[in-house]
Amino acid sequence: MINTRKMHANLGNNPDVKHSRKAALTLVLLAVAVIWVVSSWCYYAIVDGLGLKSGYDDAPIFFAGYYLIWSGIALVLFRPVLGKQVTPKRLIRHAIALAPILLAYFVYVTVLLPLLPEVSEVRAPPNPPEFMFASAWYYLPKSVDILFQQILIAAMVFGAVHAGMSLQASSLIMAALFGGFHLLLIFDGFIGLYVARFTIAATIFGLLLPYLYLQTRYGFRWAYGLHWSFYAVDAAVTHLVLAVPSWAS
């Protein structure tokens, strides 16, 4: 857990220190925005260039590696902000702790999710998101994509701490940023209900992120697990709500 009050007290009332730290936070936010936008743009450019219908499903190993590379870039870029949070020892501990969690998700997508009714192409919205008709392979690159996102999120959270921002203010900013990013899905042609669902969930999750990272012992694991769990629950609900009618099966 991070003692945010102690860190804020260490800032003192020096306006120059406060200004420099706020400037540093602005750079972190800009860097996160750039790396997030560039990684997304490159993903769609590669998918279009290779003529793939679904990048995650058609080339899961390739895109798992793709987001693993971006995760490494983010770790290096934000190492000054993350500090001791990304020491080799701590990274290994996180990897070991996440292994059984990822195994549980693997069982879910390979055994349990296929038992649910298939999504009806008739009931599915126009330009449906990839996961609606995805195989279990889809969740391999998705798992690494979530890792990449959590590294960027951690950089923003700890950047806010270093800037002397309160936990409440950090939560509001993360809610606005994380929710706002998902609001951009509307420009990808997705229907309003889908965009609204993901935006609301992302906003609520954004409110929780600073608390998870700063006030719990295993913040990254909680954040990663909850992030992944949303997709698991959403996929299950989608299969049930948009199921192929019994008369058509």
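Student: Among contacts in the chain between residues at least 6 apart in sequence, what percentage join residues at least 24 apart?

Tutor: In this predicted model, 78% of those contacts join residues at least 24 apart in sequence. Each such contact pairs heavy atoms within 4.5 Å.

Student: What percentage of the residues count as buried?

Tutor: The figure is 42% of the 249 residues of the chain. To be counted, a residue must have under 20% relative accessible area.

Student: What makes a group of residues a nonpolar core, and how many residues does the largest one have?

Tutor: The members must be buried residues of the nonpolar kinds, joined through side-chain atoms within 4.5 Å. The largest such core has 63 residues, and Y213 and W228 are those with the most contacts inside it. At least two core residues come from each of α2 (15-50), α4 (60-77), α5 (79-82), α6 (88-112), α7 (139-162), α8 (167-183), α9 (192-215) and α10 (219-241). The helix that gives the most is α7, with 13 residues.

Student: Why is Q149 called buried?

Tutor: Q149 has a relative accessibility of 5%, and the cut-off for buried is under 20%. The value falls below that limit, so Q149 is classed as buried. Q149 is found in helix α7. Beyond residues up to four places away in sequence, Q149 touches W36, K142, F178 and H227.

Student: Which residues make the contact of α7 with α8?

Tutor: The axes of these two helices are 10 Å apart and pack at an angle of about 145°, and α7 passes α8 in a right-handed crossing. From α7 the contact takes Q149, I153, M156, V157 and A160, and from α8 it takes S170, M174, L177 and F178. By kind, these residues divide into seven nonpolar, two polar and no charged.

Student: Why are α8 and α9 called roughly antiparallel?

Tutor: Their axes come within 7 Å and cross at roughly 150°. Angles over 145 degrees count as roughly antiparallel, and α8 and α9 therefore belong to that class. The crossing in which α8 passes α9 is right-handed. The contact of α8 with α9 is formed by 15 nonpolar, eight polar and no charged residues.

Student: Why is Y231 called buried?

Tutor: The relative accessibility of Y231 is 11%, and buried requires under 20%. Y231 lies in helix α10. Setting aside residues up to four places away in sequence, Y231 touches K142, I146 and F198. The C-alpha atoms of Y231 and F131 are 8.8 Å apart, although these residues are 100 apart in sequence.

Student: What places H239 in the buried class?

Tutor: H239, placed in helix α10, has a relative accessible area of 11%. The limit for buried is under 20%, so H239 is buried. The residues that H239 touches, apart from those up to four places away in sequence, are L113, L116, P117, E118, V119 and M132.

Student: Why is F133 called partly exposed?

Tutor: F133 has 38% relative accessibility. Buried would need under 20% and exposed over 50%; the value lies in between, so F133 counts as partly exposed. F133 is found in the loop between α6 and α7. F133 and E121 are twelve residues apart along the chain, and their C-alpha atoms are separated by 8.8 Å.

Methods
Residues numbered from 1 in each chain as written. Predicted model: local features only at pLDDT ≥ 70, side-chain atom pairs only at ≥ 80, totals over all residues. Heavy atoms only, no water. Buried < 20%, exposed > 50% of the residue type's maximum accessible area, 1.4 Å probe, protein only. Helix = DSSP H or I, 4+ residues; strand = E, 2+ residues; numbered from the N terminus. Axes fitted to C-alpha atoms, helices over the stretch in contact; angles between N-to-C directions. Parallel < 35°, antiparallel > 145°, perpendicular 65-115°, else oblique. Left-handed = near helix turned anticlockwise from the far one by under 90°. Nonpolar A, V, L, I, M, F, W, Y, C, P; charged D, E, K, R; others polar.
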